[in-house]
Amino acid sequence: MKKVALYSGFSALAIVLFGLSLRTGIVQLHTSFWQLLTHHTGTDATTVWQIRLPRALGAAIIGAGLGIAGSIAQGIFRNPLAEPTLIGLSSGATLGTIAVIASGASVYGSKTNAASAVLFAVITALLVQILAPNKGYGFLLTGIAISAILTAVAGLLVAVSQKPGIQSLSFWNFGSLTLLNNQTLKTIAPFIEVGIILSFFVSRRLDAYSLGESSSHYIGINPKRLRLLAIIAMAFLVGASVSAVGSIAFLGLLVPHIVRLLVGPAHRQILTFSAIIGATLLLLADLLARTLFQPHEIPLGLITSLIGAPALIILLRTQKGQWVAND
Amino acid sequence: MIEIKNLSFAHGKNVVFEDFSTVIANNCATLLGGPNGSGKTTLLQLIGGVLKPDSGSIVINGHDISQLKTKEQAELRSIAPQRRIFELAFTVEEIFAIIKQKNRAAHATDVFEALDLYDLFPLKVTELSLGQQQRVSVALALIQSAEYYLLDEPFSAQDSGYTQKLLDLITLLSKTTGILVISHNTGHIAQYFDENIYLS
């Protein structure tokens, strides 16, 4: 009962924010919403259907994907600190997407670009796995170190590249939905779908995996294969979003912590709810980024950090019983 | 039958097994004893496939486990490790649901009844006492459908009442399956077992 209320409550909130995203912006609409639904021509129609709709849809899909990726990361590394950014996925994806643009192999928003981001994300995450000492916080620290290197290399490429469409460093590091249009959305949506399907495919095994690596092996789950599948799932989700909107801070860390508090530890439910909360939060963040300082738009990552980080601290102080202890 | 053939294994420089061979029979209960550091848990982890022998082989019902997939190994043997990590606040019922219905042993309900686990079903596993967690952990291994059950120190956190209940359960299950129990304190429970293996 409580869960039904939570699902419908947050879904309703997401829908309201989605509607608001279509209504609000720098351009004032002069046509009513109902008229716009039937009239697809004119300035207002173009603003809503060509500009705001793909952006709102993108926010929902990317938010859902990043929320799910965050929850998978915590589940597969059995660590409440794990987040796609910390384990090298985001920086790998950023380098992957910038590298193909800077080399002229492909342009922003293309399928090649998104695929390269996904591939680099997988390679980086595997590299972190291989290099990390097999104890304590070794892999998180290795992830942070590798991320620093890749972010620096990506920054260097941005600084020296003359290619059009390379975007600014602020775009990649703080994230922005400004460039989302129907074309980019069509490019990344299939990648995110694959990531979501793969995530749900591993979700049940993550429950067993929470009992430890040997335990899951005894039950009949191959931990190495599970980890590889989870990394690929996260790479699809994070890689595709990074290639279109840069890396968005804190969403992947905040969402699973909210969700674990609300729906308990079963991963299938965690993933479903992470999608809803992730979509809601990113719609809200983008709405604020666009409207707070009109007509200026502020980088999305600033909003997610400014709201997400304090929210996380409050959550951690009130949260109880979900992560009892680390082995 | 589980055959340990000419097994050698070392943890770094610490040689635990050198050309060690033994047999664990089916349809009986075997007690594996020995002092601390004699390699009891290591042997279990080798049979379980989380450690790989330096040389020699482990054959369960004719299958060399190094040739089996993780899932195929789990259909042959089930293992209760000495410590299981319960770090997420699942209910006890949700923990048991980790073993899917199609992988459940027919005797699963006997296990739940014998160890009074139905009472614990609604409780969060993270909020249980150490002894209760151990009963959940042992039961989780016993409800998995397998030919052999290997339990590492299943009595260590149990009072005499539950030690007895678990011993009775082991006796019952050993009529149809092979059971191996590790204990460093074998004296008072030896009478419940058909076979003894002592590592020194």
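Predicted model: local features only at pLDDT ≥ 70, side-chain atom pairs only at ≥ 80, totals over all residues.

Me: What makes H1(B) largely enclosed by the rest of the structure?

Reply: Helix H1 of chain B covers residues 40-48, and seven of its nine residues are buried, so the helix is largely enclosed by the rest of the structure. The buried ones are Lys40(B), Leu43(B), Leu44(B), Gln45(B), Leu46(B), Ile47(B) and Gly48(B).

Me: Why is Phe273(A) called buried?

Reply: The cut-off for a buried residue is 20 or more other C-beta atoms within 10 Å of its own. Phe273(A) has 25 of them within 10 Å, so it is buried. You will find Phe273(A) in helix H12 of chain A, residues 267-291. Leaving aside neighbours within four places in sequence, Phe273(A) is in contact with Val259(A), Leu262(A) and Val263(A). Ile258(A) is 15 residues away from Phe273(A) in sequence, and their C-alpha atoms are 9.5 Å apart.

Me: And why does Cys28(B) count as partly exposed?

Reply: A residue is buried at 20 or more neighbours and exposed at 12 or fewer, with partly exposed in between. Cys28(B) has 15 C-beta neighbours inside 10 Å, and therefore counts as partly exposed. Cys28(B) sits in the loop that joins strand E2 (14-24) to strand E3 (29-33) of chain B.

Me: How do you know that Cys28(B) is in contact with residues beyond its neighbours in sequence?

Reply: Contact asks for C-beta atoms within 7 Å. Once neighbours within four places in sequence are left aside, Cys28(B) is in contact with Ser174(B), Gly178(B), Asp194(B) and Glu195(B). There is also Lys175(B), 147 residues from Cys28(B) in sequence and 6.3 Å from it in space, C-alpha to C-alpha.

Me: Let us turn to helix packing. What is the handedness of the crossing where H11(A) passes H13(A)?

Reply: That crossing of H11(A) and H13(A) is left-handed. A left-handed crossing has the near helix turned anticlockwise from the far one by less than a right angle. Here the axes of H11(A), residues 251-263, and H13(A), residues 300-318, cross at roughly 35 degrees and come within 10 Å.

Me: Which residues of H11(A) and H13(A) meet, and how many of them are nonpolar?

Reply: From H11(A) come Leu251(A), Leu253(A), Leu254(A), His257(A), Ile258(A) and Leu261(A), and they meet Thr304(A), Gly308(A), Ala311(A), Leu312(A) and Leu315(A) of H13(A). Eight residues of this contact are nonpolar, three are polar and none is charged. Gly counts as polar here.

Me: How do you know that the radius of gyration of chain A agrees with a compact globule?

Reply: For 327 residues, a compact globule would have a radius near 20 Å, and chain A has 20 Å, so the two agree. The C-alpha trace of chain A spans about 65 × 55 × 30 Å along its principal axes. Chain A has 13 helices and zero strands, and 50% of its residues count as buried. Of its contacts with a separation of 6 or more, 78% join residues 24 or more positions apart.

Me: What does that reasoning give for chain B?

Reply: With 200 residues, a compact globule would have a radius of gyration near 16 Å; chain B has 16 Å, so this agrees. Its C-alpha atoms fill a box of roughly 45 × 35 × 35 Å along the principal axes. Chain B has six helices and nine strands, and 41% of its residues count as buried.

Me: How many residues does each chain bring to the contact?

Reply: Chain A brings 23 residues and chain B brings 20. On the side of chain A, H8 (182-209) and H9 (213-219) each supply at least two residues. H9(A) gives the largest share, five residues. By class, this side of chain A has 10 nonpolar, 10 polar and three charged residues.

Me: What is the confidence in chain A?

Reply: Its mean pLDDT is 88, with 96% of the residues at 70 or more.

Terms used: Residues numbered from 1 in each chain as written. Chains lettered and ligands numbered in written order. Axes fitted to C-alpha atoms, helices over the stretch in contact; angles between N-to-C directions. Helix = DSSP H or I, 4+ residues; strand = E, 2+ residues; numbered from the N terminus. Contact = placed C-beta atoms within 7 Å. Rg over C-alpha atoms; globule rule 2.2 N^0.38 Å. pLDDT = per-residue confidence, 0-100.
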